[in-house]
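This report is written for someone meeting the structure for the first time. It takes up a sheet and then a set of annotated residues.

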Amino acid sequence: SPQEAQSEPALGHFLGERTQDLANLRMSDTSRTTFGGRRAIPPNNSNAAEDDLPTEELQGLVPRGVNLQDFLNVSAVHLFKERWDSNKIDHHTDKYDNDKLIVRRGQSFYVQIDFNRPYDPRRDLFRVEYVIGRYPQENKGTYIPVPVVPELQKGKWGAKVIMSEDRSVRLSIQSSPECIVGKFRMYVAIWTPYGILRTRRNPETDTYILFNPWCEEDAVYLDNEKEREEYVLNDIGVIFYGDFNDIKSRSWSYGQFEDGILDACLYVMDRAQMDLSGRGNPIKVSRVGSAMINAKDDEGVLVGSWDNIYAYGVPPSAWTGSVDILLEYRSSENPVRYGQCWVFAGVFNTFLRCLGIPARVITNYFSAHDNDANLQMDIFLEEDGSVSNKLTKDSVWNYHCWNEAWMTRPDLPVGFGGWQAVDSTPQENSDGMYRCGPASVQAVKHGHVCFQFDAPFVFAEVNSDLIYITAKKDGTHVVETLDTTHIGKLIVTKQLEGDGIQDITDTYKFQEGQEEERLALETALMYGAKKALNTEGVVKSRSDVDMDFEVENAVLGKDFKITITFRNNSSNRYSISAYLSGNITFYTGVSKMEFKKETFDVVLDPLSFKKEEVLVRAGEYMSQLLEQGFLHFFVTARINETKDVLAKQKSTVLTIPKVIIKVRGAAFVGSDMVVTVEFTNPLKETLQNVWMYLEGPGVIRPKRKTFREIRPNATVQWEEVCQPWVPGRRKLIASLTSDSLRHVYGELDLQIQRRPSM
């Protein structure tokens, strides 16, 4: 019909004119200022900033007698955004405690538009528009006109009419799998011969668009359903800490679906002044996140503190999850005090999972913090065998937590996509800011450290050699012995389905001594990882005497024993001078003070062995103890006859008492449940200034309570009433902190039932 013939060019005219109008409108809006002569409009780097599109854009005057109300007008827009609606269930966003529409990119969703009269596709022209930020531009992906098309095409924006009855039209809208991630404003625009009529700005139709690990075209696509359940949808995790010989774990509430958390994560990117056009790229989003989760140099989320003094803030060990931290950052607009590596990793994991990037927290036991990235950790000894704190600059962290995020890496050669190491603990500068990654784990394993970002640093964290060097009084240095297996001893994460441990060491490195392991090291050296000393062939001549020692399982506030064993494998008689040093250390391996010093002499008959016992009293370590209860022992022994030096070091983590959580009442959604948190002070001293923390995503919002003191052997109880709102497997997590005792946790697994139907 002639009418249809008219509508085709009209639509083209509508599109062209609309874009031109928008350009003109923007130019007039910003012509008052010029931006350093370089750009016509200011940077579009805030999701929160808005600028309303005009409701009418008319070309000249409307002729007399024409009433614009006679054309199609929108009376209502329905987004099907309830938790039980298919939009949220199909897009796996039904867990978000948020009443706006939340969809994942590259996947279609439903919208219904009610008009003032029945829609006639032959003469009525309309389209949906999505806008983000204050200065939207179509070529930047910040202004998205969605055309009504007969069929949706993979990978492209489009809207298809799937139902038209009476005055309502139902659309299936599909977004691009490369779409910007954030909160969009939605409009409906109608074309008339005299210009465009547009709906008013309505916050109820705002739509969040997230990354989509379920969509094959998305850069974060993950093809395993169990992995998506864990790395995107699980809001409770387990973080491993402690020591390689004594692995400890604690639950962490990621809480990525809790009220206000999605907005807080978008705010983090706004605070970084990250250009909106880059927010669809997971490489850029995760790199900005690694800089912004720490407050160094950019007023980010968390202030790091490792000095055991936490004035005006919360000690890192007291946090039970990310929710409190992100909400406080959003409301105060100031960095939150304080964090250490597992807190940075926990909050970063929430940020990534909330936006839809699959992520996990990993722990590396004996992690090298190599100050000059030369793949060598130099430990200098005095001539008597004790460690020289003056000369030893590198530190070996007992453990270090970072994150892995899953994505393709189109900027790298094929094969380096998949898990990427990202670290938000501020350790070293990367391109002028404290951030680390994303570094391809596969590239780290094979030594391809030339590929961005920060692969040499991650390679050194898991592959450095420990070198013991004696600093002689005459100023010379003698390499005593080399330990190639100590660093990166074990790398772990939480297993899928369950709270157990999964060993992922082999994703970062080949087994020690394999041909591939040597090759990876040579590749890394070729690509510029430095090695200062040539240590080939430096192997200590085997002594006739072996030495080892064991630290008894030590409970906080109790005495314990250290047993040192000497074995003489020869037919000679030897006399030995030995030295034991006990140090209170930070988990970063840095010594705070020596609390125990003992020297003893041993005489060994031929082919015999001898045990020496050293008693460590609670009074020796309690007054200086740091919050994680790490004690580090170093034993050196000199065989007087041969002048051979034997050296061994071990850490132990004191067993710290637990907080006990109990519940009473029916474990149903919407029913009252009483939670009791209980703690008994096992120490001989009164605890002062006690704070207790409690949270459980979907069960109870984060709470805290203070007690002035808890006397020795006294028990305190704290009760809270809550109404769970999420069914299924849940967890309650509690912690306690005080002036002299910290790192006290407790947790309780719950099964919350759906409300019984009447």
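Two strands pair if DSSP finds at least two bridges between them, and helices (H or I, at least four residues) and strands (E, at least two) are DSSP runs, numbered from the N terminus. This is a predicted model, in which local features need pLDDT of at least 70 and side-chain atom pairs count only at pLDDT 80 or more, while totals for chains, interfaces and linings use all residues. Residues are numbered from 1 along each chain as its sequence is written, and side-chain values use heavy atoms, with hydrogens and water left out.

Three strands form an open sheet in the order E34-E35-E38, with antiparallel pairing. Its edge strands, each pairing on one side only, are E34 (660–664) and E38 (715–722). Strands E34 and E35 (residues 673–680) run antiparallel and are joined by five bridges; Ile661 has Val677 in E35 as its bridge partner.

The unreviewed UniProt entry lists Cys341, His400 and Asp423 under "active site", an annotation that may be inferred rather than shown by experiment. These residues are spread over 83 residues of sequence, yet they cluster in space, with a largest C-alpha distance of 9.9 Å.
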